[in-house]
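Dear colleague,

I am handing over the structure below, and after it you will find my notes on what I found in it. Please read them with the coordinates open beside you.

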Amino acid sequence: MATEKGKALSLPTDDWNSKYYWDMRKVAWNCARCSTCKWVDVWEVKDARFAKICPSSLYYLFDAYSNQGRMDLALALIDGDLTYDDDPELLDIIYKCNTCGGCDAMCKGVQDMEPLRVMLEIRAKSIEDGQLLPQLMPIIDNLRKEDNMMMGKKADRGKWAEGLEVKDLTMEQGEVVFHAGCRVCYDEELWPVARGMVTLLKNAGVDVGIMGKDETCCGGRAFQMGYQGEFTKYAENNLEAWKNAGVKTVVTGCADGYYAIKRLYTQLGAEFEVLHIVEYIDRLMKEGKIKFTRNVPMRVTYHDPCHLGRRLAQAPGFYVPGAPMMGVYEPPRDIIKSIPGVELVEMCRIKEYSWCCGGGGGVIDAYPEFNNFTATERIKEAEATGAEAIITACPWCQRSLTDAVTDVEGKMKVIDIVELIQQAM
Amino acid sequence: MGLKQDLVEIVGSEYVSDDPATLEKYSKDSSFVQPRKPSCVAYPANAEEVQRVVKYANEHLMPVTPRSSSVSFYGAGIPSEGGIIVDLSRMNKILEIDPRNKRVKVEPGVTWAQVQEALEKEGLMVSNPLLPHPAKSVLTSAMEREPILICKTEYSETMLTSELVMPDGEMSWTGTALSKGMKVQICPDALIPGARLWQGAQGTLGIMTWANIKTEYLPTRDKVFFIACDRIEDVAEPIYRIQRRMLGNECFVLNSFNLAAVLAKKWPEEFEVLRASLPPWTIILCLSALHRFPEEKIAYEEEALMEVASELHIEPQRTVGGIPGLAGTVLKLLRKPWSGDGYWKSCYKGSCHDIFFHTTLDRVPEFTEAMNGVAAEYGYPTKDIGVYLQPLDRARACFCQFGFHCDPEDAREVNLVRNLFMEASEEAISMGGFFTTPYGQWADMVYSRAASYSRLLKIVKNAYDPNNVMNPGKLGL
Amino acid sequence: MPLGDEKHKLIYKELVNVLGFDYVADGAAIVRAYSRDMFAVSVLRRKRGPEFIVLPGNTEDVQRIVQLANRYKFPFSVMSGGWMLPLMGAAKQYWCIIDFKRMNGLKIDEKNMCAVIEPSVTHAQVQAEAMKVGLYNGIPLVGAHMSALANHAWHGWHGTAYRSGFSTRNILGMELVLPDGELLTTGSLASPEAGSFWGEGPGPDLRNLRKGIVGDDGSLGIITRMTIKLHPWPGPRFLPTEGVRPQKRCQLPTNRFKWYFINYPTEKALIDAMYEIGKAEIGGSMERFDPQRMAYEYAKSRQEYWQLFNERYWQSYPNTIGICLWGFASERQLKYEEKVLEQIIEETGGKLWPDEAYQKFVPYVANSRTRSIWGPRWCRIGGSMQTGWLMMDTLDSVLDYFPTVWEHMNRYTPPYLEGQGDSAWVLTFDFCHFAGADNAGPFEKQDEQIKGVLGEAMEQIGIDTKNSMATFEVATTPVNVTGPAFANFHIPLAKIKKAIDPNNVSNPTRFIDMDAIARAEQEKAKSD
């Protein structure tokens, strides 16, 4: 249509520019290299030291290690301008990423794009093309054999719950299943956290059960690594097992697992209510079924696990352009603020612009020094608040952050939120 | 034909001179720069004549030194290698006054007296330095980056666009004056290089034939305050806080010597009385308001000023030294050139030699101490140093000027002050005083410490002036 | 590109000698990530890009890289954020991109209101540290996540420049590595012990040798450290925000800040009002908000953009001044300025936006003028945008500028996406002493469009600028093309370039095309 300025204006010729839909090549092509994916939401930058959002970009520096760079690589791979043989570093570039979604969350503030999804699809594609990252192969092999991501034996999966009086959903029916998750099952230092969660639920009158040694991996981390086939297998298996047990609600204390079950399983037709333990406790607290009676004089800060936060808005099929990157941000904060004596101080990077613990995307297995770097950055950020403890709500975060504190011989306590709650009851 | 005759062909016989008295006059100024006579002085009427003179100079490899007015203080107009002086004082038209865009277009010969009088009728002013000499060129002040009394960021960098005769005799322009498509042509930045390359150049890169300079609206209300300080250390903090709150227009500091020199009408008696009664240091701050609700503007600024004063336990007053009507007296001086008998700087002994440089306000005490120290070594009374401090750009920097006085007829005194001047300058530079416009002997001192800058300047000079005709020898070029 | 030939290997080896393996890359995957930038011309060249990426850690590293470039005759260019321009010129053999990610030093001098920054420090980082001590720096629309140094060196327009001055006016002392590897310091940095607090001189001001309205892209020197002005900030330590991205809101404390959005019946009336506001010397930030920018900055999604556009929602306010009053001195100052502004609005026939539009826009967008956040939304609806033709002169000249530039665009470019006629950004500087205008347009990032908008169009416009107001298009036109229309300013520049870059290694395809000048000289010598 012409305007008074005399020239015909144009509407987009490509309908993708009128209304977004998922198209991997269009997303990769459309990246404008604005670098928003590397930095925290600028309105939230409070300190120059804590202004970056992308651990990979901060650690590896070259732009190929940022989402923007990976969009260039994705485009090149799709168009055949680049092959795996062209650069031995290519696979590392693809995998040196926590898949924390920080890039994606920031990008979506200014574009209608799903750049994280492109990165995950490229991983899946590289596996399809037979390009397997050597460091992850033992993990996946073990998964296939032993149904866990921790190089453990299947037979040992239920040890964390030994002596715990809780319903065995392989033998009985139950409405609520507590899915412990691989990390907790095989990380003995974290057993008290899982046991504490179950005990809390039970004491609040929840009819909760576990799958014990028959619990299997949720498949979420395999999905992040690109092994979508493995994910589907485990998802279908879990859905079947829970259905057989009469489960209506799935509760977990693992953010990775929560994300996988809440978001990815729905693609396979799951219809359970899925709650993270913090959501459940927040609900119980507000119903008066959990009360905090003891004073806990402590200055703490809270670390938002990526998969309990922004990743929920980034799941394939869940992206709504323009919608806020909602996550489970307030329930854990409400809980912490309700505990007498606790002072909550926030870090610079929180909620949808939170800094990752470094544990996701296969990094903790394939690139431990990168994982450690990312976690150490977070600890430094926590220390800058003056807090004595960093509270989290995911065992992978807890492990990454704890190891980082140990490595630097720091004093920061790393506490799961349930451990904090237990101190108050 | 000889030089004079060739110049007569260009500017006319009335406007060329090579008589000894004239050449003597142009061979020196009130600085310590070594005198050197030109061969001839030409007084062009317009840019075309300037062009022709410069082209002639290129053909004959003859130095050309531009002079915009009859006063010269720092040696920039002394022809280091002889040659032709191009005196631009005939080019003294105010070409345009544009209140809407707050600018005035002037030729180089337009003086402070001329421009402020003309602008006042339109309710405008050019932001001026402290009491400029009435015969000084406004354009030259802007080109030399003379600090102005109003330290608001928005008023700073008064030069907009200009027209130049380049060293090769071709015409060029700065800023958007380069674009004939623009109607008004006043943006100082356009293509590279921008107007600033020619500022501080002392005529070595071309001759400016007109310039657009910023004007500001004259306030309709003013209220002058004085803050007396016993020690130089007490001066910085009030100014920092006042400027952080963006208060006031004119804001500057004079020591008792300089303030007395500005105020005295009778010399030496009144001067001595004033000097004795004034505080060692006085901060002068003028709160001003423009056209809309001026009383309310003054009121909120005054309230904020008093908050600052309360924080620092100081008392802004409407006078110092018990001088009645001082605020009104000073106000009359703020936006006009000097109008008294004899220039205020020369009244004490006949000549004044200023050392001036930039630093930060918090370092002023150490520089003051250093200047006093050098003066004491030479037996020069520190009470006879006139000090002027000008906060710049909301006090992010400070222009410091230390004036040393002597009787120009007393050779011994002149020699003493010359030696003192050189040593004090070296001391200031070595301490980190930044000489933004290195006149005369300062050029060696500055550029020997800034070798890479000097090298690039020479490259630039060579690019624009391959025959090295424009004011050669200045700036080490 | 002949990756792996002997010269390439030699250069690689020497770069590693200087920087170490960790900071030099020539792998196909790494360099691929440096193959395109927002000015999508580089997308057309994506089959050829740089061959080396290096990450210097300090100025000495940069000097050594440049010295190597001169010794082994390889071209280089620099980048910080890398969004606009640095990559599109990387089209010659052995091209080396100097990526400044490791050079991220920042130091604030609170007392003397300045910050010393290295190239990869972002505006947001500077502002975050500055606000802690009651200071701020103005940020261009590109976004606060971009390099503060690069924006000062290149362009840098923003609404707060109404008070704090255009970017060129905010540069103090600098340190540069010249194309021959020599270190240059300017301003007070040139004077040992002085510090970097002042920008002019000594003597002629060489800052303007490399920056006018826009900079030289590093052709005449690489800035490794810059001191920039900071200005008083009467606001809180942190920006107050609410909500979750992309629905984030920011509202400044109402006792010290107030936004006004005033629409005018005509562009002329808007300009007249801006003059009056400048004359009254009120406000901390002022600009004309044009419908297109309002549309793309406000919309949280493409769908919302097109929906509002088709409703002509923001087009209801075609001549809008957005001004934020800042109470620098006190709350009472804010009250005073509100009174003044309201008087001006009445006198000039302005109409305040209805509350519905105000509440829609201000919390989500207005303070993108305090800390720019939504600039990249430019690229949402087509993938790329053209920043148009920049004009700087008087406010009145804006009235002639826009029709002129639209005429140029009509002549040379394919149609932009909806809103071409509504792109009409106007800023003023130093209380309306002069002004700038810019019309930018989004377009679809497809080969034909890119060629049309950014390829041939630029060359034509560069030539056809003699009498144009829209004279300073900067994307691709080297100055040797535009120079003859502007008093041959390029001739001495070429001499300077030749003297300091004898091997023509510093960003040789941008700013000034020395090869083209050499060819022209040869032709002239032949014909003479």
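In chain B, residues 24 or more positions apart account for 69% of the contacts with a separation of 6 or more, where two residues are in contact if their C-beta atoms, placed from the backbone, lie within 7 Å. This is a predicted model, in which local features need pLDDT of at least 70 and side-chain atom pairs count only at pLDDT 80 or more, while totals for chains, interfaces and linings use all residues. Residues are numbered from 1 along each chain as its sequence is written, and chains are lettered from A and ligands numbered from 1 in the order in which they are written.

To stay with chain B, 59% of its 477 residues count as buried, a residue being buried if 20 or more other C-beta atoms lie within 10 Å of its own, exposed if 12 or fewer, and partly exposed in between, again with C-beta atoms placed from the backbone. The C-alpha trace of chain B spans about 70 × 55 × 45 Å along its principal axes. Its radius of gyration of 22 Å agrees with the value near 23 Å that a compact globule of 477 residues would have; this radius is taken over C-alpha atoms, and the globule rule is 2.2 Å times the number of residues to the power 0.38. Chain B has 14 helices and 17 strands, these being DSSP runs numbered from the N terminus, with H or I over at least four residues for helices and E over at least two for strands.

One open sheet of chain B has five strands in the order β5-β6-β10-β8-β9, with antiparallel pairing; two strands pair if DSSP finds at least two bridges between them. At the edges stand β5 (94-98) and β9 (171-174) of chain B, each with a single partner strand, so one side of each is left without a neighbour in the sheet. On average, neighbouring strands of this sheet are turned by 10° against each other, direction ignored. Strand β8(B), residues 159-165, pairs with β9(B) in the antiparallel sense over four bridges, and Glu163(B) stands opposite Trp173(B) in β9(B).

Two helices of chain B can be described against these strands. Helix α3(B), residues 47-60, packs on the sheet and touches β8, β9 and β10 (207-214) of chain B, its direction making about 55° with that of β8(B); axes are lines fitted to C-alpha atoms, for helices over the stretch in contact, and angles run from 0 to 180 degrees between N-to-C directions. Helix α4(B), residues 112-120, lies across β5 and β6 (103-106) of chain B and runs at about 35° to β5(B). In the loop between β2 (40-42) and α3 of chain B is Asn46(B), which counts as partly exposed because it has 14 C-beta neighbours inside 10 Å.

Elsewhere in chain B, the axes of helix α6(B), residues 236-244, and helix α9(B), residues 294-312, come within 10 Å and cross at roughly 145°. Glu237(B), Pro238(B), Arg241(B) and Ile242(B) in α6(B) meet Leu305(B), Val308(B), Glu311(B) and Leu312(B) in α9(B). The residues of this contact divide into five nonpolar, no polar and three charged, with Ala, Val, Leu, Ile, Met, Phe, Trp, Tyr, Cys and Pro counted as nonpolar, Asp, Glu, Lys and Arg as charged, and the others, Gly among them, as polar.

Turning to chain C, there are 17 helices and 22 strands, and buried residues make up 70% of its 528 residues. An open sheet of four strands in chain C has the order β1-β2-β4-β3, with mixed pairing, and its edge strands are β1 (24-25) and β3 (76-79) of chain C, each pairing on one side only. Strand β2(C), residues 52-54, and strand β4(C), residues 96-99, pair in the parallel sense over three bridges, and Ile53(C) stands opposite Ile97(C) in β4(C). Helix α1(C), residues 6-19, lies across β1 and β2 of chain C at about 5° to β2(C), whereas helix α4(C), residues 59-72, lies across β2, β3 and β4 of chain C at about 170° to β4(C).

Finally, the interfaces: 81 residues of chain C are in contact with 78 residues of chain B, and the side of chain C that touches chain B has 36 nonpolar, 24 polar and 21 charged residues. Towards chain A, 65 residues of chain C are in contact with 58 residues of chain A.
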